[in-house]
Amino acid sequence: MKTVLKFLPAATLAVGLALSAAPAVAQQAAPAPKASAAAVASAKEILTLKNATAMYANAVPGMVEKVKATLIGQNLNYQKDLNELAPVVAQQLAGREKEIGDGMAQAYAAQFTEQELKDLVTFYKSPLGQKLIAAEPRAIDQSMRVMNSWAQSFSETVASAFRAEMKKRGKEI
């Protein structure tokens with residue numbers, strides 16, 4: 001039986017789950033006020049404690065490869081050149097992934113007060129906070145497996161419901 005649903009890559013959803021406890025809400029409001037340097041520093045410390053850099057450590061070479069593949073698809077005659085240039089471009093842009101970390105710190109600082117960020121740093125340094133940091137990836141992985149298993153099973157239930165309703169109309173699918 002064909003799988004009815006396509007699933008997001010586990011890493012994408014895991015990142016979303018790890019970084020937010022609530023769903024994102026689209027807002028048309030004015031931009032948040034600029035966070036203080038101390039708030040951003042605390043946010044960066046939280047991200048360091050949570051080893052967030054692991055999520056985007058290979059962002060530059062990954063993006064270089066992705067763009068290279070797109071360009072090769074559009075310019076097959078230049079495949080050799082583009083393959084030769086990829087490491088050069090990656091070297092030129094090395095370190096730019098730091099911009100992701102800076103943006104993430106700004107996002108945290110926009111969501112929490114300076115004091116809340118300091119409290120979070122204290123929490124993440126506590127034994128329970130350290131346990132959360134260590135166990136959360138496994139809990140997210142297990143949650144992803146539960147969600148994917150449910151989605152696959154439920155998609156089959158939904159497909160069966162469609163087939164049953166179509167059969168009532170005299171149509172087989």
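**Close-up views of a predicted helical model**

**View 1. Helices α7 and α8 are roughly perpendicular to each other.** The structure shown in this and the following views is a predicted model. Helix α7 covers residues 114–125, and helix α8 covers residues 127–168. The axes of the two helices come within 4 Å and cross at roughly 80 degrees. An angle of 65 to 115 degrees counts as roughly perpendicular, and α7 and α8 are therefore described in that way. From α7, the residues Phe123, Tyr124 and Lys125 take part in the contact. Their partners in α8 are Pro127, Leu128, Gly129, Gln130, Leu132 and Ile133. By class, the residues of this contact of α7 with α8 comprise 6 nonpolar, 2 polar and 1 charged.

**View 2. The protein as a whole consists of 8 helices and 0 strands.** Along the sequence, its elements follow the pattern α-α-α-α-α-α-α-α. The protein has 173 residues, of which 18% count as buried. Among contacts in the protein with a sequence separation of 6 or more, 79% are between residues 24 or more positions apart.

**View 3. The buried residues of helix α2 line one face of the helix.** Helix α2 spans residues 37–49. Its 13 residues reach 18 Å from the first C-alpha to the last, close to the 18 Å expected at 1.5 Å a residue. Buried in α2 are Ala39, Val40, Ser42, Ala43, Ile46 and Leu47. Seen down the axis of α2, these residues fall within an arc of 160 degrees, so they line one face of the helix. Ala37 and Thr48, on the other side of α2, are exposed. The elements that cover the buried residues of α2 include α6 and α7.

View 4. The relative accessibility of Asn51 is 48%. Only values over 50% count as exposed, and those under 20% as buried; Asn51 therefore counts as partly exposed.

View 5. Helix α6, formed by residues 98–111, has 14 residues. From its first C-alpha to its last, α6 reaches 20 Å, close to the 20 Å expected at 1.5 Å a residue. The buried residues of this helix are Gly101, Met104, Ala105, Tyr108 and Ala109.

**View 6. Lys68 is a buried residue in helix α4.** Helix α4 comprises residues 59–74. The relative accessible area of Lys68 is 14%. Because buried means under 20%, Lys68 belongs to that class. When neighbours within four places in sequence are left aside, Lys68 is in contact with Leu82, Asn83 and Ala86.

Methods:
Residues are numbered from 1 along each chain as its sequence is written. This is a predicted model: local features need pLDDT of at least 70, side-chain atom pairs count only at pLDDT 80 or more; totals for chains, interfaces and linings use all residues. Side-chain values use heavy atoms; hydrogens and water are left out. Axes are lines fitted to C-alpha atoms, for helices over the stretch in contact, and angles run from 0 to 180 degrees between N-to-C directions. Angles under 35 degrees count as roughly parallel, over 145 as roughly antiparallel, 65 to 115 as roughly perpendicular and the rest as oblique. Contact means heavy atoms within 4.5 Å. Ala, Val, Leu, Ile, Met, Phe, Trp, Tyr, Cys and Pro count as nonpolar, Asp, Glu, Lys and Arg as charged, and the others, Gly among them, as polar. The expected span of a helix is 1.5 Å times one less than its number of residues. Buried means under 20% relative accessible area, exposed over 50%, partly exposed in between (1.4 Å probe, protein chains only). The arc is that of the directions from the helix axis to the C-beta atoms.
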